[in-house]
Amino acid sequence: MGSDSEVEKSAQKEREKKKILALAPIAKPLAGKKLSKRALKLVRRAAEHKCLKRGVKEVVKSIRRGNKGICIIAGNISPIDVITHVPILCEEADIPYDLANAGATKRPTCCVLVSTKPAKGEIGQEEQEKLKGEYDQVASDISELANTMF
C-alpha cells in the first residue's frame with residue numbers, strides 16, 4: 001500500500017492533467033507558475049486600488065480608447081471565441097498580454113486590464129510606487145515570454 005504522500009501526489013497530478021486538458025489550443029504565451037502568481041498578486045493589488053478593468057467588454061473599450069496596461073487573459077475559456085479578438089487588439093495597441101487564470105477578484109472574469117492609475121481618485125505615493133514596481137516587473141517578464149515565442 002502507498003503512503004498518504006503518494007496518494008496526494010497522484011491526486012495533484014490528476015488535477016494538473018485536468019487543467020491542461022481545459023486549456024484552449026490557442027492559449028499561448030501561457031504563463032508559468034511563478035509568473036502566474038506574480039501576475040495574480042498584481043491583479044489583487046490593482047483591484048484594491050481600483051486600477052483594474054474587468055471583463056471582455058470593459059477591456060476592449062479601454063484598449064480602443066487608448067488606455068495602457070497589462071492584459072491578463074484566462075486560457076481556459078469555453079467557448080474560446082469570446083476572447084479570440086483580445087490578443088489582436090493588445091498587439092495593435094502595443095499592450096503586453098498573458099494567458100493565466102485571470103480575475104483573482106470576487107467575481108471570476110475571463111480577462112482583466114491592469115493599469116497603474118486608478119479610474120477615479122488618487123492613491124498614495126508609496127502605494128503608487130509599490131504598484132508601479134510590481135507592474136514593471138510583470139510587464140518585463142511577459143515581454144520576455146512573448147519574445148521567446150517569436
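This is a predicted model: local features need pLDDT of at least 70, side-chain atom pairs count only at pLDDT 80 or more; totals for chains, interfaces and linings use all residues.
Trainee: Which element has the highest mean pLDDT, and which the lowest?

Mentor: Helix 3 is highest at 92, and helix 1 (residues 4-22) is lowest at 69. The scale is the predictor's confidence in each residue, from 0 to 100. The protein's mean is 79, with 81% of its residues at 70 or more.

Trainee: Which residues of helix 3 are called buried?

Mentor: Val56, Val59, Val60, Ser62 and Ile63. Their arc around the axis is only 165°, so they sit on the same side of helix 3. Buried means under 20% relative accessible area, exposed over 50%, partly exposed in between (1.4 Å probe, protein chains only); the arc is taken over directions from the helix axis to the C-beta atoms. Turned away from that side are exposed Lys57, Arg64 and Arg65.

Trainee: What does the buried side of helix 3 pack against?

Mentor: Strand 1 (52-54), strand 2 (70-74), helix 4 (86-92) and strand 4 (111-114), with contact meaning heavy atoms within 4.5 Å.

Trainee: Why is strand 2 called largely enclosed?

Mentor: Because five of its five residues are buried. Ile70, Ile72 and Ala74 cover one side, Cys71 and Ile73 the other.

Trainee: How do you know that strand 2 pairs with strand 4?

Mentor: Pairing takes at least two DSSP bridges; these antiparallel strands have four, so they qualify. Ile72 stands opposite Val112 of strand 4.

Trainee: How do you know that the length of helix 2 (residues 33-48) agrees with expectation?

Mentor: Expected span is 1.5 Å times one less than the number of residues. The 16 residues of helix 2 should span 22 Å, and its end C-alpha atoms lie 23 Å apart, which agrees. Its buried residues fall within an arc of 155°, so they line one face. Among them are Leu35, Ala39, Leu42 and Val43. The face turned away carries exposed Lys33, Lys34, Lys37 and Glu48.

Notes: Residues are numbered from 1 along each chain as its sequence is written. Side-chain values use heavy atoms; hydrogens and water are left out. Helices (H or I, at least four residues) and strands (E, at least two) are DSSP runs, numbered from the N terminus.
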